[in-house]
Each structure stands twice: as C-alpha cells, then as structure tokens.
Amino acid sequence: MASNVPLLTFNNGKKIPILGLGTWKSKPGEVTQAVKDAIDAGYRHIDCALAYGNEKEVGEAIKQKISEGVVKREELFITSKLWNTFHRADLVKDGIQKSLSNLGLKYLDLYLIHWPMAYKEDGELFPKDKNDQIITSDVSYIETWKAMEKLVDEGLAKSIGLSNFNSQQINEVLAIAKIKPVTNQVECHPYLNQKKLKEFCESKGILITAYSPLGSADRPWATKDDPLLLEDPKILALAEKYKKTSAQIVIKYQIQRGVIVIPKSVTKSRIVSNFDVFDFTISDEDIKVMDSFDNGGRFCHLSWMKDHKYYPFTIEF
C-alpha cells in the first residue's frame with residue numbers, strides 16, 4: 001500500500017512524513033508486530049530510541065517488510081535518539097552505532113539528542129547511586145551537538161535535531177551550530193499545546209514533533225487521579241461531532257497545526273485507526289476550541305531530575 005501521508009520539509013531540504021508510529025513503552029514482544037502492522041497500513045515514519053529497549057525488535061520488522069517487498073529502505077523514515085549516557089563527544093558515535101546495529105540499518109533519517117541532561121557515562125543506561133538516584137554528568141549539550149554534526153558528515157544520520165530542549169537551550173545550540181537542528185521533539189497534546197515553543201522554533205526554522213500526543217496514559221508514573229486526555233468530555237464531544245475517535249481528533253489537531261505527530265500503539269486496529277485521519281478536517285473554530293484546553297498539563301515531567309543543571313522545564317518554554 002502506498003503511503004498517503006503529507007510530507008513536511010526540514011530546514012535542510014529533506015522531507016519527513018507528518019504522521020509516524022511512536023514506539024516508547026512498546027514491549028519487545030509486541031513491537032515487531034506493531035511495526036509490521038504499521039508499515040502494512042501505510043506508515044513510513046517510525047520513531048525509535050536506544051533507551052526504549054526495543055530497537056532490535058523494530059529492526060526485525062523493518063527487515064521483514066523490506067524483504068517482502070512491501071517497502072524499500074529509502075521509502076522509510078527512521079528516527080532514533082542519543083541517550084543521556086552518550087553525551088560526551090567521544091561517545092556520541094558509539095551511541096548512534098548501537099542504534100544502527102540494533103535496527104540493522106546503515107544510516108538514520110533523523111537522530112536526536114534525547115534530553116539536554118547527561119547521565120554518568122560508561123555503564124548502565126540509568127546509572128543509580130545507593131539511594132536509587134540517577135547519577136548525572138556535567139557534559140554540556142553544546143559539546144554533544146558538535147559531535148552530532150560529525151554524524152551527518154560521516155553519513156550516519158541524514159538530519160539531526162533535539163528533543164525536550166527549551167527555547168534558551170535551543171538558542172545556545174544555534175549560537176554554535178554549523179548544522180541547524182531540524183526539529184525539537186517534545187510532549188505536545190491539547191493540555192500542553194506548546195504554542196510559545198512552537199512559535200519560537202518555527203521562527204528559527206525548526207519544526208516541532210509531538211510525542212505523547214494521546215496523553216501517554218500508560219506512562220510508568222501515572223496515578224489514578226491523573227486526567228485521561230482521550231476521555232475528556234470536550235474531546236469526546238468533538239469526536240462525536242466529526243464521527244471519529246478521540247485519538248483521531250487529537251492526531252488531526254497536530255497535523256492541522258503543522259506539527260509532526262507520532263502516536264504509539266501496539267494494537268493493530270488502533271494503529272490502522274490512528275492513520276485514518278486524512279478524510280476529514282477540523283474547523284478553524286474547533287481548532288481554537290482545542291487550543292483553549294491548554295493548561296500546562298505535562299505528563300512527562302521527569303520531576304525527579306529537576307536538580308540537574310540542564311533540566312529543561314524550569315522556564316516557561
């Protein structure tokens with residue numbers, strides 16, 4: 001099946017499908033089938049990360065679909081992310097090579113710095129002290145970015161970008177960048193629509209990618225009192241109005257804002273349904289209504305890292 005997903009153009013001229021499949025929290029035993037189902041449904045953009053612990057299984061799905069002739073490598077857009085323990089300049093290449101090896105690929109279409117915060121190098125992905133606290137590192141993301149640029153020069157990544165960076169941190173990267181970041185991947189949904197950060201990034205030629213666009217109800221630290229985005233009566237009312245699911249409404253909201261969106265699912269019916277968003281348009285009035293749902297409601301706050309010198313959520317955007 002040919003993919004009918006619109007493409008957005010990065011500041012380097014390369015293109016990215018506006019809709020992709022997220023794989024955070026997809027279990028290794030489920031993610032291979034999920035990626036195969038997604039590719040069969042028409043997805044060509046798969047978002048991965050070393051820290052997700054499932055890249056080998058994602059790679060198995062990609063390999064199988066290429067071998068079946070369903071898709072060619074050059075028709076796929078594969079993203080991965082440099083984990084926090086690889087921020088030191090001499091480790092950045094090791095980080096991407098681990099992902100490439102896991103995925104069975106020779107290059108990535110997009111490689112992101114997963115977080116601005118570095119963790120202790122040369123050990124576990126989540127190094128902890130005797131009090132079960134993350135052991136951090138003082139490596140600056142400026143050093144990391146300079147090493148990221150070399151990955152483009154070496155052909156290991158077609159494009160490079162950021163994730164979870166605030167406007168101040170982005171400005172610091174831009175001040176030294178020979179290669180501009182093409183995107184900033186951040187949590188983004190109607191409760192946290194990132195309007196100011198989006199406007200800032202777009203003024204710099206940087207696109208926003210929305211992770212957890214469905215509200216990430218399965219995040220490990222969720223509590224029973226947390227709001228459930230897809231069950232919000234206001235969103236359910238819009239879903240009823242447009243005869244679509246809540247998920248389809250919040251996905252289309254991002255697409256109409258020009259935001260790249262990567263909903264995660266391992267359920268075939270939902271993977272297919274989440275892709276079926278190109279046969280309707282939310283009215284401008286209803287987009288404004290959805291904009292009004294914003295309340296700064298961040299689900300992926302990593303508040304246990306708030307003492308890190310590069311913790312990104314201490315300023316407004």
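**Before you start**

Residues are numbered from 1 along each chain as its sequence is written, and side-chain values use heavy atoms, with hydrogens and water left out. Because the model is predicted, local features need pLDDT of at least 70 and side-chain atom pairs count only at pLDDT 80 or more, while totals for chains, interfaces and linings use all residues.

**Stop 1: Asp47 and Lys81**

Select Asp47 and Lys81, whose side chains meet in a salt bridge with 2.6 Å from N to O; a salt bridge is a side-chain nitrogen of Lys or Arg within 4 Å of a carboxyl oxygen of Asp or Glu. Asp47 lies in strand β4 (residues 45-47) and Lys81 in strand β5 (residues 77-82), so the pair ties together parts that are 34 residues apart in sequence. The names of these elements come from DSSP runs, in which helices (H or I) have at least four residues and strands (E) at least two, numbered from the N terminus.

Are Asp47 and Lys81 buried or exposed? Asp47 is buried, with a relative accessible area of 3%, and Lys81 is buried too, with a relative accessible area of 0%. Here buried means under 20% relative accessible area, exposed means over 50%, and partly exposed is in between, all with a 1.4 Å probe and protein chains only.

**Stop 2: other salt bridges**

The structure holds 16 salt bridges, so defined by the cut-off of 4 Å between nitrogen and oxygen. Select Asp122 and Arg88, which form one of them, with the closest N and O atoms 3.4 Å apart. This pair links distant parts of the chain, since Asp122 is in the loop between β7 (118-119) and β8 (136-137), whereas Arg88 is in the loop between β5 and α3 (92-103), 34 residues apart. Asp122 counts as exposed at 59% relative accessibility, while Arg88 is partly exposed, with a relative accessible area of 25%.

Next, select Lys234 and Asp232, whose side chains meet in a salt bridge with 3.4 Å from N to O. Lys234 is partly exposed, with a relative accessible area of 43%, but Asp232 counts as buried at 6% relative accessibility.

**Stop 3: the network around Lys65**

Which residues join Lys65 in a network of salt bridges? Select Asp40 and Glu68 together with Lys65, and you have the three residues that are linked in this network. Lys65 has its place in helix α2 (residues 55-67) and counts as buried at 6% relative accessibility. Leaving aside neighbours within four places in sequence, Lys65 is in contact (heavy atoms within 4.5 Å) with Lys36, Ile39, Asp40, Val70 and Val71.

**Stop 4: His114**

Now select His114, which the UniProt annotation "binding site" covers in an unreviewed entry; UniProt positions are given in the numbering used here, feature names are shortened, and annotations may be inferred rather than shown by experiment. His114 is found in the loop between β6 (110-113) and β7, and at 7% relative accessibility it counts as buried. Not counting residues up to four places away in sequence, His114 touches Lys81 from the first stop, along with Ala49, Ala51, Tyr52, Leu82, Trp83, Asn84, Ser163 and Asn164.

**Stop 5: strand β9 and its partners**

Select strand β9 (residues 160-163), both faces of which are covered, with Ile160 and Leu162 buried on one side and Gly161 and Ser163 buried on the other. Strands β6 and β9 pair in the parallel sense over three bridges, where pairing requires that DSSP finds at least two bridges between two strands. Colour Ile113 and Leu162, because the bridge partner of Ile113 in β9 is Leu162. Strand β9 also pairs with strand β10 (residues 183-187) in the parallel sense, over two bridges, and here Leu162 stands opposite Asn184.

**Stop 6: helix α9**

Finally, select helix α9 (residues 268-275), in which Ile271, Ser273, Asn274 and Phe275 are buried. What covers these buried residues includes β3 (21-22), α1 (28-41) and α8 (246-256).
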